[in-house]
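Please walk through this structure with its sequence and coordinates to hand.

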Number of protein chains: 2
Amino acid sequence: MGKPRIEQDLIQLIERAFRSSQSPALTLSLGDDAALWRRSRNKDTILTCDWFLEGTHFLRQKHPPDAIGWKCLARAVSDIAAMGGKPACFLLSLALPEELTGKWLVGFLRGLRRASRATACALAGGDTTRNERVLVSATVLGEVSPGQAVLRSGARPGDRLYASGTLGEAELGLAELRRLQTIPRAPNAALGKHLYPQPRLALGQWLAHNRLASAMMDLSDGLSTDLPRLCAASRVGATIASSSLPLSSRTDRTRALDLALHGGDDYELLFTVSPRKASLLPSHFRGVKLTRIGKITRQQKILLEDSTGSTTLLRPGGWDPFRAS
Amino acid sequence: MGKPRIEQDLIQLIERAFRSSQSPALTLSLGDDAALWRRSRNKDTILTCDWFLEGTHFLRQKHPPDAIGWKCLARAVSDIAAMGGKPACFLLSLALPEELTGKWLVGFLRGLRRASRATACALAGGDTTRNERVLVSATVLGEVSPGQAVLRSGARPGDRLYASGTLGEAELGLAELRRLQTIPRAPNAALGKHLYPQPRLALGQWLAHNRLASAMMDLSDGLSTDLPRLCAASRVGATIASSSLPLSSRTDRTRALDLALHGGDDYELLFTVSPRKASLLPSHFRGVKLTRIGKITRQQKILLEDSTGSTTLLRPGGWDPFRAS
């Protein structure tokens, strides 16, 4: 058996190993933003977990402990938003060096508690141990009414493709963070978005409740990496119009376009809406811009259309831990 | 603020940071084997997670991948057993080096799947990433009827203290593993217990269902470390009779006693029973020996009584990641 080269291969290998032993109560498990566990007739439980590792996902010398605490929870909660669910509680697996169990830990917990309150997601438990590098894994449980969860697999040819907010700003914020010697008290929008991403919970719930989105996921690894995942789950393709992408205005257009296509960590929602329902979609939802960025196609290719109308294949350029080598 | 020195301090620090923001639906959270989440009137959900880290909890050069897969799930499921619950599903957070994504991963998944089937705990989802060392965090969800979960906090002075199985064998198995060049096809009981611990699910559920145990926890870090945790949660003390401990017969008595008191990784159940109910307890439950090892006392000390009747304070000598320095 060959070695899997990218994260998606690894997930498929795990999925195959367990395929025959799955429980019927798990209506959806591997391969979406989160798993769905049918517990009662009134509610489905949404389950998700996310690694947040020093050196891989954050830099101890650069990222304030407060931001590490916020972000380790916010990015897992974003998977609940991407299903249209409501967070309920989380478990924290934390490993850290002894020298960080004082002031650093207090800062980390302050950020974590702020994220916990902002997303109404209570700490339920966890496990702690010692390690020379900081390791975090956050498991979040959420709830959604049965049948309302928005999966990655529901997109149909002809559906319109939307993104919330601005794309590429978090990656711009990371570049800024690497340059800075000290973090300003009031970081600009890009740096703020990188350090303290806001999971789009209200938007996700609204889209799910009103059955507006046919498919949805959150953008964590960059549009060019995440969109193929949504398309693969739905067995469709997509064409993106480069001129329509909601770019950052904080850099030149060429770089902004590159960041919007390949930059990670935005935690915006990517979703599809059938033409029949598209008119119900406002231009903004509670201050967050909603932009039509393309369409879903029958042909299973991801194409980028430039302003002249000519198209090129969009290759995944986002972040993949197993491609980064 | 001083730095916490042991794991318990760290847990208390986290608990304090979150105390005011807890949800009323979380009937019990930090400080027990697992958290309880009241989802409906019919069932409570039990939540627990456990680190399993290369170098800390296992050695890549010594532990077969199959045993690592088995044990990372079995030890988390043991926390469900310790509440008297039934496992439902789990999430796997896995980080590993690229060179282990072939044969090693197949072996790991084989052991994990066996544990998943043996405990009726289905894989629900997870997260994978790359790391130079193998990191595993397993989150297990279980179920228990409301009011039936057996907590650490229910022990009362006069209650009798019991342990399942034999104590100290897993630590003996670890010593053997360190000596061996190759793992035998049919490991002896001690090595087998270290590599493939069996969570005491049926016993835990039976004790909970029949309301026999007033308090319960699983022995993961050694009796001398875990018993004080049960006693602290119950605000009681305990006296253990050294002559009554279910020792391993695979080594001399002095070493066997030391291992029974301080050896970790047994995943046996430690539980208390009121004198009124003690006669209902069999000597064996489905082949697993149940041994009365002492009693719960009002005086909040942990004492060890020798065969002459004289007592000494029992100091924690088990495994604590923050004490190991």
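Helices here are DSSP runs of H or I with at least four residues, numbered from the N terminus. One of them is helix H5 of chain A, residues 189-195, and Leu195(A) is placed in this helix. The coordinates belong to a predicted model. Its scores are ipTM 0.90 and pTM 0.92. For chain A the average pLDDT is 91, and 92% of the residues score at least 70.

Leu195(A) counts as buried because 23 C-beta neighbours lie inside 10 Å, and the cut-off for that class is 20 or more. Apart from neighbours within four places in sequence, Leu195(A) is in contact with Ala67(A), Lys71(A), Gly173(A) and Pro187(A). Ser40(A) is 155 residues away from Leu195(A) along the chain, and the C-alpha atoms of the two are separated by 37 Å.

Next come the domains of chain A. Domain 1 covers 16-144 and domain 2 covers 152-313. Taken over C-alpha atoms, the centres of these two domains of chain A are separated by 22 Å. The contact between them takes 19 residues from domain 1 of chain A and 21 residues from domain 2 of chain A. Which helix gives the largest share of the domain 1 side? Helix H2 of chain A, residues 65-81, does, with nine residues. By class, the side of domain 1 of chain A that touches domain 2 of chain A has eight nonpolar, seven charged and four polar residues.

The nonpolar core can be taken next. In soluble globular proteins, nonpolar side chains tend to be buried together. In this model the largest nonpolar core has 199 residues, and those touching the most other members are Leu73(A), Phe90(A), Leu73(B) and Phe90(B). Leaving aside neighbours within four places in sequence, Leu73(A) is in contact with Phe90(A), Leu112(A), Ala115(A), Ser116(A), Cys121(A) and Ala138(A).

Strand S3 of chain B, residues 44-53, runs antiparallel to S6(B), and ten bridges join the two. Within this pairing, Leu47(B) has Leu141(B) of S6(B) as its bridge partner. Strand S4 of chain B, residues 86-96, also pairs with S6(B) in the antiparallel sense, over nine bridges. Ala95(B) stands opposite Leu135(B) in S6(B). In a regular strand the side chains alternate between the two faces of the sheet.

The last stop is the backbone of two loops. Most residues other than glycine have a negative phi, and most peptide bonds are trans. Asp265(A) is not a glycine, yet its phi is positive, about 75 degrees. Asp265(A) sits in the loop between helix H8 (253-262) and strand S10 (268-273) of chain A. Is Asp265(A) buried or exposed? Asp265(A) counts as buried, because 23 C-beta neighbours lie inside 10 Å.

In chain B, Ala120(B) also has a positive phi, about 50 degrees, although it is not a glycine. The loop that holds Ala120(B) lies between helix H3 (103-118) and strand S5 (122-130) of chain B. With 14 other C-beta atoms within 10 Å, Ala120(B) is partly exposed, because this class falls between the cut-offs of 12 or fewer for exposed and 20 or more for buried.

Conventions: Residues numbered from 1 in each chain as written. Chains lettered and ligands numbered in written order. Predicted model: local features only at pLDDT ≥ 70, side-chain atom pairs only at ≥ 80, totals over all residues. Pairing = 2+ DSSP bridges. Contact = placed C-beta atoms within 7 Å. pLDDT = per-residue confidence, 0-100. Domains from an automatic or database assignment. Nonpolar A, V, L, I, M, F, W, Y, C, P; charged D, E, K, R; others polar. Core = buried A, V, L, I, M, F, W, Y, C linked by C-beta atoms within 7 Å.
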